[in-house]
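The structure comes first, followed by the notes.

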Amino acid sequence: MRGETSQSELIIRTVRPTWQREMTVKTWMEGEKYAMILIKSPAKEKGVAFLKRDKEVWNWVPALERSIKLPPSMMTQSWMGTDFTNDDLVKESSIVEDYVHSFSGDTTINGRQCYIIDMIPKPEAAIVWGKLTLYIDKKDFLELHTKFYDEDEELINTMNASNIKMMGGRLIPTYIEMIPADKPNQKTVLIYSNVIYNKPIPDTFFTLQQMKKLN
Amino acid sequence: MTVIIIIQMAWRNIWRNKVRSMIIISSVAIGLVAGLFVLSLYKGILEDRFRTVIDKEVSHLQIHHARFKEDFDPKYIIPNNDELIKSLGHLSSVKIFTPRTIAQGMLATGTGSSGIQIVGVDPEQEDRVTSLNSKIKEGDGFVNGKKNQLLISKKLADKMHLKVGSKAILTFIDKESNIISSAFRAAGIYQTDNTPRDERIVFVKQKDLNSYLSLDDEFHELAILLQNDDDVENVQASLKNQHPNLQIESWMDISPETKLMIETTDQYSLIFIVIIMLALSFGIVNTMLMAVLERSREIGMLLALGMNRLKVFFMILTETVLLTITGVPMGVLIAWFIVLIYHRHGLDISALGGQAMSEFGFSSMIYPAFPWEKILGEMLIVLIASMLSSLVPAIKAIRLRPVEALQK
Amino acid sequence: MWLKLAWKNLWRNKHRTAITTAAIFFAVILSVAASSLQDGVFDNFIKNMVSYYTGYIQIHQKGYWNHQVLDNGMIRDSSYESRISNQKNITAIAPRIESYALASFKDLTKGCMVVGIHPEEENKITALQNKVTSGKYFDHKSGNTVILSEGLAERFGLQVNDTVYLISQGYHGALAAGKYLINGIVSFGSPELNDQLLFMPLHTAQEFYSAPDLVTSYVLGLKSDKYLGSTVSKLRHISGETYEVMSWKELLPDVDQHIKMDKGSMSIILGILYLLICFGIFGTMLMMMVERRYEVGMLVAIGMKKGILAMLFLTESIFTVIIGSVAGLSCSIPLVYYLKEHPIRIGGEMAETYERFNFEPIFPASTDPSIFITQGLIVVSIGLLLSMYPVITVFKIDPVKAMKK
Amino acid sequence: MKTVIDAHNIKKVYNPETIPVVAVNNVHLHLERGEFTALVGPSGSGKTTLLNLIGGLDKPDTGSVIINNVDITKLTPNKLIDFRLHNIGFVFQAFNLIPVLSARENVELIMQLQHVKKHEIKARVTNLFQQIGLEDKMDNRPAQLSGGQQQRVAVARALASRPQFILADEPTANLDTKSADNLLDIMAKLNKEENMTFIFSTHDQRVIERARRVITLVDGQIHADSSPVSVNVDSTIT
């Protein structure tokens, strides 16, 4: 669960059948409205930053010395070659409000006792899935494994979370991978190296000026 | 009067050799049938193309805010739309029109996402303008009272693994640039011949889309069908005059490719009519030349008796014209009859072209349409062609030297 | 014996022979002209449509056409390229790299299609250079320059020598960003292309997309559309499983459908033309027999066998048909070549539409030798078939009645 | 006494470039109103050519043909046609009527071409058919008439234009004796009653006998020009 504010450093690894790629990024978030993402490596993209303010996404490219507001048509495009779209950066959905939950059993993952919870989106909810099956650690309430189904109950994606560590004062999984069901040898992995929660971020931080100065 | 007796002679000459006259009459008839059939064929093809573009896709005219089409920014609604609609209602040349709300966005399912154009329509009105319901291949289409219904093309549905009744998430921005995501259910799957276009466009109810975009009874696009295809330019000009701030485009502006194809086809048919008329003319020249040579003695005698060359010339010309005039109504009737049959049953071109045209799911049927508007011109062309071709034998006739002609 | 007699008969009534020969002669000329114009017009239309942007044939990595992203591109393979360009029918092979990007100038940002092209090869296929309305086409020195489509330039208020910013996602998710000098502006008749194309030299585009040596498609130019099918299957054979070879018929199915429609209707028109030709020739045959009834009657009366007489008439007809066809063919060849060199020009509003698409407003004729052969044969067959009429008449003639008049 | 034809030194050569055939040579011919003249001579002696020359159907290589004070050799082709229409009546050997027109129409045609008033045409046609004795066959087509009848209609047609003279090339050649006599009777009667000038070529001895003047052509030249034995004495008196 996101806190009021969070800052994190992580590696995003995109794995494809013929290639893979790693990015180191730093993120700042405040609530659901503001976010800033700075790319630290690879060298070519170092300094590239994304700013989410409200409903807008801005992109700063040092090589061009220009910030560009991403037009809506770009929202469907993948974000930096990952399995995320630009839209994922700005999308809001609430697990509590948008789904109908039901317990459907329990199991054990990596030695941890888990609840199995089925979540079905409410009819009006803007959620692509037909059903999610979440495996939640009974003790620390960590989401360890999630299956994403479409409306025909066909498995689309699988999320695995592991490497549970204490970070920023919380116990969180630091290794998260998302695996599409129908595309072999393809996944996206997030590896958190540092997370800080609820460290106040000044209001002037989530601005275009700040984005240019991040380096 | 001399003219009368010459016409009389010409008319009786026609009946001297019935087989020959029948050949000319039937050549004229066939020439005309050919010409008219070619025209009906092309009219059928063009109407098919034209009607698809006008009646199923772009309509005659479209009106937008002057800046809307730059980026499809939803804030550029058509201003003062009440007034515009009122003024359109007063135009007698306007048949019907339909408002649309348009948003650029994205359609997502569990399978993936795709950039699309979301078109908010008034279902009844849209069906009247673009026959929307006839395009629906699966599902019932929009149903009153149900919210967030979606019509999606077969191509996109297959790509996104969508079925009738399944859910898709549409994401778009409203007029304040807020990003909106909402779930819609496929109420139908539509299909047209224009797959590239299909893949980009989904239909939702205008009411639904307007509420997401925070629009009242406003809209971005007004598609207008006119009573008459020929009025497009006039109405466009007068609307432009009345509403200088709006972008008023005709189908030709929106789809110049269609105009290109239609015009190219139109021009071909002209070339081939010319060739057919040439073939007809050579037939007439030959047959009439025979007639003149056969009668050279008689013509020589007429010249000897003192009938001047102009009158002999006129006589031969009259003969041909009379034959043509006999052939023309026959041709028109036959052509009309043939076209009538094929118009009803369709002409399967693939059998003739020897190609399987249904490869891409296209229909290979042509429904020829009788070109009433061109019939006078066509008759005139045949008449002129036959008159021109009778010039050769007529000149041959007046060049006859009576002494020589009489000796034969 | 009768060969000589037949030949002499032809010369005896020069007028009649001339008219019959002329009927065949014009029949050949007209059917050749119609068929060559038909072929020429369609070839030209296809050429125009495919040289507009698509090309006759495109080769992609398998799967690219259904999912057009850079990651489905292919690494250039010079041996493969040379194997393709060695094919007989192929005139040019233009590599392209195509992907979406954001173009930005001042406060405006807009999506556009960035197309990396090989300037010379591309020009051979799409004659892009002719579409330049201001500025210049790429030359071999062109580095970080782009050519904008007119609609895009207007939207941004950009002119030659302005700088446009481009940002996109490169190969394998790399960031693609750069600023480029505008070298020229091109105009396309179709709003779809005119509002979104942006060209770069291939290397510049590959650099922009961080995809050295990557192309998304090879666009091929053909000598003639006639051998499209066999060329495609040969290319498929060469390309194996890794590449998809698509002809314009698959790339532009709507154009293909329109052409098929028109071709089908054209075969009806040709049929009608042959019918008229039949009437023209039959008319002269009929007249000939009317004129020669007396002669035939007399010959039969003096004891000539009908079989021999029929043979004589047939031989005469064959002579006429052959003379007419040979004359017709020898005149139609220069005529068709003339129509190829000096094609029928389209005038008026139509010409404007053509110009808008950068099409030359002409209807050229095709000089494909098979046209002459086919049409020549068809007319000869019609002529010979109709030559049966005099033969039948000879057999049916009653000498007493025939000589009465 | 009025001169109708005055031909001077006329000469006509066919095929001047290849094998020249002198059809008519050094012919002087003077014909006066009311003459009934036969042109005789063996085949190829130039009878038809001479008739064609004086009938304005052909042009002599040299010499002049003056008819009614007009030198027709100097007329343009179109003027010549018009001249023929108003001044010369023709009767041909065969196929001489327009097959698609009735006897009456054949006669009327000439007058119509001359722009004669309608009511006058009617009157004249009736008169003409009375003269040839075919009032009852006026509306028959040529094919429905016998050869002699056709030829009589041809004479009526030649008369219809009120010509200076009537020129007939072998008018009886295709007729049986009775029809030929009949035709000759009519011609002679017209000559006598209307003072119509006739010049005709013929082979027929019986026709020659009825002529008042006989011009004999041999090899294109006038060999003899005399009255036949049986010529009426008062033929020169008008």
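Among the four pairs of chains that touch, chains B and C have the most contacts, where contact means heavy atoms within 4.5 Å. This is a predicted model, in which local features need pLDDT of at least 70, side-chain atom pairs count only at pLDDT 80 or more, and totals for chains, interfaces and linings use all residues. Residues are numbered from 1 along each chain as its sequence is written, chains are lettered from A and ligands numbered from 1 in the order in which they are written, and side-chain values use heavy atoms, with hydrogens and water left out.

**Chains B and C**

- On the chain C side 63 residues are in contact with 64 residues of chain B.
- About 5,600 Å² is buried between chain C and chain B, and carbon and sulfur atoms give 73% of that area; buried area is the accessible area (1.4 Å probe) that two parts lose on being put together, summed over both.
- The residues of chain C that lose the most area to chain B are C:K260, C:M261 and C:L276, together 12% of what that side buries.
- There are zero salt bridges between chain C and chain B, a salt bridge being a side-chain nitrogen of Lys or Arg within 4 Å of a carboxyl oxygen of Asp or Glu.

**Chains B and D**

- Here 24 residues of chain B are in contact with 26 residues of chain D.
- The area buried between chain B and chain D is about 2,400 Å², with 64% of it on carbon and sulfur atoms.
- B:R12, B:M301 and B:L305 supply 26% of the area that chain B buries against chain D, more than any other three residues.
- The count between chain B and chain D is one salt bridge; the side chains of B:R12 and D:E105 meet in a salt bridge at 2.4 Å, N to O.

**Pairs without contact**

- Chain A and chain D do not touch, and their nearest C-alpha atoms are 85 Å apart.
- Chain C and chain D are joined by no contact, their closest C-alpha atoms lying 12 Å apart.

**Helices α11 and α14 of chain C**

- Helix α11 (residues 306–341) and helix α14 (residues 388–396) of chain C pack at an angle of about 160 degrees, with their axes 9 Å apart. Helices are DSSP runs (H or I, at least four residues), numbered from the N terminus; axes are lines fitted to C-alpha atoms over the stretch in contact, and angles run from 0 to 180 degrees between N-to-C directions.
- α11(C) and α14(C) are therefore roughly antiparallel to each other (angles over 145 degrees).

Conventions:
Helix = DSSP H or I, 4+ residues; strand = E, 2+ residues; numbered from the N terminus. Parallel < 35°, antiparallel > 145°, perpendicular 65-115°, else oblique.
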